[in-house]
Amino acid sequence: MKIKLPNHRDQHWRDTIKDLLHNANTGWIDLDCGEWSLTYTDLQDLMAEVEQSGRGLDSLISNVPDTVVSARAFGLEARLQRSAPICSGDLMHTEPPTKESSTQSTGVMFHQGTLRSGDYLHSDRSILVYGDVNPGATVTACGDILVWGRLRGVAHAGANGSTQARIIALQLRPLQLRIADAVARGPDDLPQPGLAEQASLRNGVIRIDPAEVLSLQPG
Amino acid sequence: MSTTRTILICSGKGGVGKTTTTANLGIALARLGARTVVLDADFGLRNLDLLLGLENRIVFTAQEVLAETCRLEQALVKHKQEPNLALLPAGNPRMLEWLTPKDMKAIVSLLEEQFDYVLIDCPAGIEDGFKNAAAAAREAVVVTTPEVAAVRDADRVIGLLNTQGVTPVQLVLNRVRPKMMSIQEMLSVDDVTDILALPLLGLVFEDEQVIVSTNRGEPLTLGESGSPAAKAYNNIARRLQGEDIPLMDPSEARNGFRARVRQLMQTRLF
């Protein structure tokens, strides 16, 4: 029997746990903690409720690493799951990619999750990364590169020579930028917070400006 | 359901304190009453026995146990002062090639029958030694120092652990120098957690006592010494067991010291 704690924006789990347990069948429960960040003491209280209702906890899943940490400390079988993907379908992608990832009909590759040092992502189209690109990671695309997060690694847009390609990130502080054949080092100073930036090629030189609204090119 | 926690202690970069952390954490957990075994997977350059002062007691290794030339009990080396802690070298430095991920899983499942904690001391690097050590791990503690190279390597290792499905992965920030952090000559705690995005299990301040205790073969957590590193390792052990202990604040550590000096001077003057 699977139980899911309420969305943390709607209701506190402490208010609903009794009802949830009451409605569940007797026996073993798989608990989905969603976005709740539970401490060891929270879990103690939660377990007390579960035991009081005459049921047992079989396993626990959570989107938050902290909860998994507390659960393991408690001796519970716990697993981390990714938060729900922002797009439907099979676009979620959990492993550092070595080859083509999922694509949409628009010709944009979508990658969810942080690219860590040593990871390499390439697409013949444009790439949308939902997460950070850490120093040491590389992203290359024949089209545009859009990072919904911090770009601190190396990015190469327009890898097949397209000079119209752009690199956009919420925080654009890459080690190195490449567009078509042009290469630039990233800026040294810290960016203004809350300002997305884009890099584009103008007169053969890579320039960084505040980001414009755009539609990603198929590349 | 097995309640044994098999924790890999790794870093990518060498010299950041994996083995020191393993030794101190092992002792600290054992002192808290948990049956703990430290498995030295870095057997090519094995140091864990040195740090624990058990070098001269090793007779067999996991290799002999798997070859069934000895029993597991014979290969396990009990710690002199802390009977809850045992050491098992994964292999013989002369026979580097024999260990495979399958062997590692076999050893660990043997250990999981007897112990509450299995701590695996991982070799530096991300090659075969790392892959072998990581094969049987269910959780991981990544040790890093506030240096760009160490953080970069840790990031790589975390990526590899994620693909292997090791969760949770927690972070220990070792060799922190509060003074250098406060004048921004060293990466700050936030700089590190910003990139690695992991739950912080503990901060260990740079401490000369670590060198002394390493050379003596007596981990700091063994004594009642109030040294900052010993406290930090004890806190990490307790956090692993689920206790909610606040992290040390590097800026406060410094103020604390300053305040103490000021106090000392006042008492001398008046």
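## Exercises on cores, contacts and helix packing

In this predicted model, the largest nonpolar core has 94 residues, and those touching the most other members are L8(B), L39(B), I120(B), V142(B) and Y233(B).

**Exercise 1.** Find which helix gives this core its largest share, then list the contacts of I120(B) beyond its neighbours within four places in sequence.

*Solution.* Start with the helix: α11 of chain B, residues 228-240, supplies the largest share, seven residues. Next, take I120(B) and set aside neighbours within four places in sequence; two residues are in contact if their C-beta atoms lie within 7 Å. That leaves I7(B), L8(B), I9(B), L39(B), A41(B), A133(B) and A137(B).

**Exercise 2.** Work out how many residues each chain brings to the contact between chains A and B, and describe the side of chain A.

*Solution.* Count by chain: 25 residues come from chain A and 21 residues from chain B. Now sort the chain A side by element: α2 (40-52), α3 (65-74) and β4 (78-80) each give two or more residues. Of these, α3(A) provides the largest share, eight residues. Finally, classify the residues on this side: nine are nonpolar, nine polar and seven charged.

**Exercise 3.** Describe how helices α5 and α6 of chain B pack.

*Solution.* Begin with geometry: the axes of α5(B) (residues 101-112) and α6(B) (residues 128-135) come within 7 Å and cross at roughly 35°. Last, name the partners: P101(B), M104(B) and K105(B) in α5(B) meet K131(B), N132(B), A133(B) and A135(B) in α6(B). By class, this contact has four nonpolar, one polar and two charged residues.

Conventions:
Residues are numbered from 1 along each chain as its sequence is written. Chains are lettered from A and ligands numbered from 1 in the order in which they are written. This is a predicted model: local features need pLDDT of at least 70, side-chain atom pairs count only at pLDDT 80 or more; totals for chains, interfaces and linings use all residues. A nonpolar core is a set of buried Ala, Val, Leu, Ile, Met, Phe, Trp, Tyr and Cys residues joined through C-beta atoms within 7 Å. A residue is buried if 20 or more other C-beta atoms lie within 10 Å of its own, exposed if 12 or fewer, and partly exposed in between; C-beta atoms are placed from the backbone. Helices (H or I, at least four residues) and strands (E, at least two) are DSSP runs, numbered from the N terminus. Ala, Val, Leu, Ile, Met, Phe, Trp, Tyr, Cys and Pro count as nonpolar, Asp, Glu, Lys and Arg as charged, and the others, Gly among them, as polar. Axes are lines fitted to C-alpha atoms, for helices over the stretch in contact, and angles run from 0 to 180 degrees between N-to-C directions.
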